[in-house]
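The structure comes next, followed by the notes.

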Amino acid sequence: MSYKIVEVEWVDACASDNSWTPLEELISENTVACCTTVGYLTKDTEREVQVLQSICGEEGGEVMNIPKGCVTSINVLSRSEA
């Protein structure tokens, strides 16, 4: 089976460190976390993108399911015959 090897850029929720902080500082400093995941693209639907880190025969491991609304870009790096 052939899978694309991709780099997925996406955003995730970001929380404060749970300490009392001036509101001005909280509002100006807390933003979403910018993330990058690289691996085999095994699912790309309207709802989610699925990337596997490893494929061995008919098994896969280290799966990451990213909600499609969080994805900012998908860049194809190469194709694999895994």
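## Gln 50 and its surroundings

Leaving out residues up to four places away in sequence, Gln 50 touches Tyr 40, Leu 41, Thr 42, Lys 43, Val 63, Met 64 and Asn 65; contact means heavy atoms within 4.5 Å. Gln 50 is part of strand β3, residues 48-56. Strands (E, at least two residues) and helices (H or I, at least four) are DSSP runs, numbered from the N terminus.

Gln 50 has a relative accessible area of 17% and is therefore buried. The classes are buried under 20% relative accessible area, exposed over 50%, and partly exposed in between, with a 1.4 Å probe and protein chains only. The side chains of Gln 50 and Asn 65 are joined by a polar contact of 3.0 Å. A polar contact is a pair of N or O atoms within 3.5 Å; within protein, one must be able to donate a hydrogen and the other to accept it, and residues adjacent in sequence count only if both atoms are side-chain atoms.

## Basis of the model

This is a predicted model, in which local features need pLDDT of at least 70 and side-chain atom pairs count only at pLDDT 80 or more, while totals for chains, interfaces and linings use all residues. Residues are numbered from 1 along each chain as its sequence is written, and side-chain values use heavy atoms, with hydrogens and water left out.

## Strand β4

Gly 60 belongs to strand β4. Its relative accessibility is 55%, so Gly 60 counts as exposed. Apart from neighbours within four places in sequence, Gly 60 is in contact with Leu 52, Ser 54 and Ile 55. Between the C-alpha atoms of Gly 60 and Thr 42 the separation is 9.9 Å, and these residues are 18 residues apart along the chain.

Glu 62 is also found in strand β4. Glu 62 counts as exposed because its relative accessibility is 59%. The phi of Glu 62 is near 60°, a positive value in a residue other than glycine.

## Cysteines

A disulfide is a pair of cysteine sulfur atoms within 2.5 Å. By this rule, the count is zero disulfides. Cys 35 is in no disulfide, and the nearest cysteine sulfur, that of Cys 34, is 7.3 Å away. Cys 56 is exposed, because its relative accessible area is 60%.
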